[in-house]
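Here is a quick tour of a protein model, written for someone who would rather look at side chains than read tables. Have the viewer open and follow along.

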Amino acid sequence: MPKFSRLFRKFLISYIVILVIPSIAGYMSYRTAIAVTQSVSIENNVTQLRKSQDILERRIAEVEGFTRQLALNQELSVLMNEKGMDEKVNLYGIWKVNNDIKAFSQTNDFLQQFYIYLNNYNVLLTPASSYFQPERYYQSFHYKDLSADEWKRTLLEQTHNREIIPLKPFVTNGVQTSVITYIQSLPLDSFNGAARATVVVLIDEKVISSVLSDLKDQYGGWSHISDAQGHTISLLGRNESDAAKLAADASFNQSQASQFYNDDLVITIRSKTTGWVYRAGIPRHVLMENANKIKYITWSVTSAALVVGLLVGLWQAYRNSTPMHRLLNVMKEQFGKDAAVGRNEYDFLQGNISNMISNNKRLENELNRQLPLIRDAFLKRLIAGEFRSLEEISAAAEQANTGLQADTGYTGILQIKGYSGMDSVDILNELSAARLIMKQTLHDLGWFVHMTDLGADRVVVIFEGIATSAEDTETANKEVERILNELAEFLFTEYKITIIAAMGNPFTTLMEVSHTYEQATQALEYALHMNRKGVLWFSDARLESDTYYYPLDIELRLISTIRAGDLDEARRILHAIMAQNIENRELSIEMKHQLVGELKGTFLKLLYQKTFQESDIFEAVKNRVADIQANEEIDVIRQDIDGIMASLCGLIANKKNDHHNKTVEQVMKFIAEMYSDPDLNLYRVAEKAERPEKYISNLFKEVTGKNLSDHLEQVRMDQAANLLKGDTYTVDEIAARVGYNSSHSFRRAFKRVLGVSPSSYRQSTTE
């Protein structure tokens with residue numbers, strides 16, 4: 001159609017331009033995305049490897065800490081300083097030390113296999129048993145390439161100081177594995193062959209490799225840890241020859257953090273503390289998988305978009321030019337044939353502008369109605385730090401019509417006290433009314449103040465306009481404090497409303513509002529923590545303690561106590577921890593957060609142990625631990641932790657009762673079957689139950705109310721009484737049949753239990 005072909009071309013060209021410009025921008029974004037994706041992938045993997053390094057070094061440090069604890073163990077010190085084989089063996093001391101070290105293997109998988117060798121006794125202690133002939137231990141647990149004599153000479157009879165033996169083949173009960181060995185002689189100051197004991201910790205390669213397993217599982221790569229001399233500590237995903245080849249390749253930069261080598265991205269980290277080299281390899285195609293996806297998707301989508309866009313542009317150009325042509329005909333009919341053809345587009349715009357003006361008026365009315373919500377949203381974005389520049393703040397402030405003009409001022413938080421933890425409808429309505437009263441009163445008292453609600457019982461306030469000199473700032477501080485004190489006094493006098501005011505330092509630009517808001521938040525948390533009243537400035541709320549009190553041995557005691565189900569002792573330990581940190585120290589907010597985080601971590605460690613993980617309360621207690629908030633008052637946190645401990649100890653108590661009853665039933669069944677054995681005693685019963693003798697004795701007494709020996713005697717006497725009712729066996733034969741080697745001992749026991757002699761009892765039952 002020749003009359004509007006020019007207009008058609010204009011529309012079409014504009015649509016093509018619209019397609020081309022985003023395509024160019026998309027291409028630039030695509031190139032940037034590819035580069036950023038690769039960079040982020042490398043950075044993420046470096047970060048992951050560093051995290052694995054930190055975890056492994058912390059675990060090795062825990063092993064070292066374990067040897068230090070052994071050095072301080074009083075019972076072990078006594079054993080080391082005794083004369084040993086020249087005197088009578090201190091069996092009780094050995095048993096006590098053996099019992100003390102059991103807990104370590106239960107709380108740390110790096111300590112699942114260790115032993116202590118006492119030179120003076122030639123005794124080897126493990127968490128499971130004691131070996132008075134260390135060679136017997138070495139028969140089941142030994143290095144594949146080391147004889148027993150070499151083992152004793154190189155490991156047990158030499159002095160070692162924090163020595164780590166690299167990865168070596170090791171056989172455990174016939175199963176071959178590989179271990180690294182940590183060796184420490186005791187006492188810790190042992191030199192020149194003066195060691196009295198040797199602590200040897202065997203760390204399975206699988207345990208170490210599990211720290212780096214995420215890299216292999218996620219990317220199909222490999223990992224390699226070696227010591228400062230190049231000896232392998234852990235190897236996962238490749239063989240030793242490949243690792244040696246990489247280390248010997250001159251083209252490979254040993255000191256570079258990340259580089260490509262044979263189609264692998266190789267990440268190298270060297271520990272500053274141990275000198276170990278952590279190295280991980282990730283295949284290039286896996287690393288670039290996301291980037292390749294972006295590439296394929298971008299090209300596919302862009303090509304399809306260009307084709308579809310061109311077709312749509314043709315259709316839209318025709319579609320939009322046709323009504324324009326019709327409109328021109330109408331305009332010519334209305335205004336005459338002399339109308340200029342060049343004004344056709346402007347006539348079209350004029351009609352649309354008229355509609356836009358009408359629509360704009362309606363939109364303006366709607367915006368005015370929603371203006372309070374827009375202002376509130378602006379203030380929330382401002383204190384949250386969502387704006388990236390002052391220009392963006394100014395534009396948003398003008399759009400919201402906030403009246404925010406000055407660049408300086410204060411940010412604070414006002415909290416209504418007395419409503420913590422209350423969320424009923426009546427309480428929420430009461431808090432809403434209290435906030436309205438507080439806002440109106442604050443407007444009436446002084447400066448122009450911007451306010452926004454922060455939850456049901458808090459209001460964020462922004463005082464606008466202060467001088468920047470130190471003298472003027474001090475005056476402004478006093479003025480703000482005066483206004484807030486007047487506000488608090490008025491609210492309490494007129495409405496019995498008590499508030500806490502927490503103020504941050506003054507800001508000198510609107511970009512600092514979010515920072516001063518965070519200061520006010522910390523000041524408020526400090527005020528709640530210390531139960532302060534009135535106005536509290538951030539500068540007055542930073543009384544910090546060096547650190548919190550929660551040593552490793554206390555954590556291990558708390559874990560062991562809860563695992564034992566002793567709620568009273570667990571509460572005592574928790575009370576001691578809280579007393580040390582709250583009563584004896586004035587912790588900073590940050591230290592309080594870290595302490596609460598450590599306590600939560602302790603309970604998460606407990607929960608993920610098999611006893612609790614398989615229980616019905618696992619998810620509920622896990623959620624309760626996660627719900628503990630570090631910014632709560634310390635009494636609330638203490639109550640939450642106490643409730644969690646009660647749940648865990650209650651579970652252990654129930655399991656103990658069930659387990660104890662089953663154990664006692666097993667013991668009673670064994671006695672009922674074996675009472676005729678004259679050698680049946682507490683030792684045999686404990687051996688059958690696979691528990692210590694004292695444990696079985698105390699447990700039986702606790703459950704049944706009588707001693708195990710008395711129960712055994714009672715069973716024998718009951719059986720003897722049944723046999724005495726007949727004439728099949730003599731008294732001597734009955735004594736032998738019920739487990740007595742001596743008929744004299746049987747007669748005394750029978751008379752003690754039944755009050756009469758066996759002969760008299762038989763005579764009375766046959767009459």
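The protein has 27 helices and 17 strands, where helices (H or I, at least four residues) and strands (E, at least two) are DSSP runs numbered from the N terminus. This is a predicted model, so to speak of local features takes a pLDDT of at least 70 and side-chain atom pairs count only at pLDDT 80 or more, while totals for chains, interfaces and linings use all residues. Residues are numbered from 1 along each chain as its sequence is written, and side-chain values use heavy atoms, with hydrogens and water left out.

Of the 767 residues, 40% are buried; that means under 20% relative accessible area, with exposed being over 50% and partly exposed in between (1.4 Å probe, protein chains only). Take the contacts (heavy atoms within 4.5 Å) with a separation of 6 or more: 64% of them involve residues 24 or more positions apart.

**The cores**

A nonpolar core here is a set of buried Ala, Val, Leu, Ile, Met, Phe, Trp, Tyr and Cys residues joined through side-chain atoms within 4.5 Å. The largest one has 43 residues, and Leu56, Leu118 and Val201 have the most contacts inside it. Helix α1 (residues 5-71) gives the most to this core, with eight residues. Leaving aside neighbours within four places in sequence, Leu56 is in contact with Phe110, Ile208, Val211, Ile225, Trp276 and Tyr278. Another core, of 35 residues, lies apart from it and includes Met578, Ile628, Ile637 and Leu648.

Now have a look at Glu205, in helix α7 (residues 205-219). Is Glu205 buried or exposed? Glu205 counts as buried because its relative accessible area is 16%. Not counting residues up to four places away in sequence, Glu205 touches Leu167, Ser178, Val179, Ser234 and Leu235.

**The sheet**

Five strands form an open sheet with mixed pairing, in the order β14-β15-β13-β16-β17; two strands pair if DSSP finds at least two bridges between them. On the edges are β14 (449-453) and β17 (534-537), each pairing on one side only. From one strand to the next, the twist averages 20°. Strands β13 (residues 409-416) and β15 (residues 458-464) run antiparallel and are joined by seven bridges, with Ile413 opposite Val460 in β15.

Two helices go with this sheet. Helix α13 (residues 425-445) lies across β13, β14, β15 and β16 (499-503), at about 170° to β14. Helix α15 (residues 513-530) packs on the sheet too, touching β13, β15, β16 and β17, and its direction makes about 35° with that of β13. For these angles, axes are lines fitted to C-alpha atoms, for helices over the stretch in contact, and values run from 0 to 180 degrees between N-to-C directions.

**Rings**

Rings of Phe, Tyr and Trp (its six-membered ring) pair if their centres lie within 6.5 Å; planes under 30 degrees apart count as stacked, over 60 as edge-to-face and the rest as tilted. The count comes to 15 aromatic pairs. One of them is Tyr143 with Phe170, edge-to-face at 5.0 Å centre to centre and 80° between the planes. Tyr143 and Phe170 are both buried.

Some rings also have a charge over them, meaning NZ of Lys or CZ of Arg within 6 Å of the ring centre and within 35 degrees of the ring normal:

| Charged residue | Ring | Distance from ring centre |
|---|---|---|
| Lys496 | Phe492 | 5.1 Å |
| Arg716 | Tyr740 | 5.5 Å |
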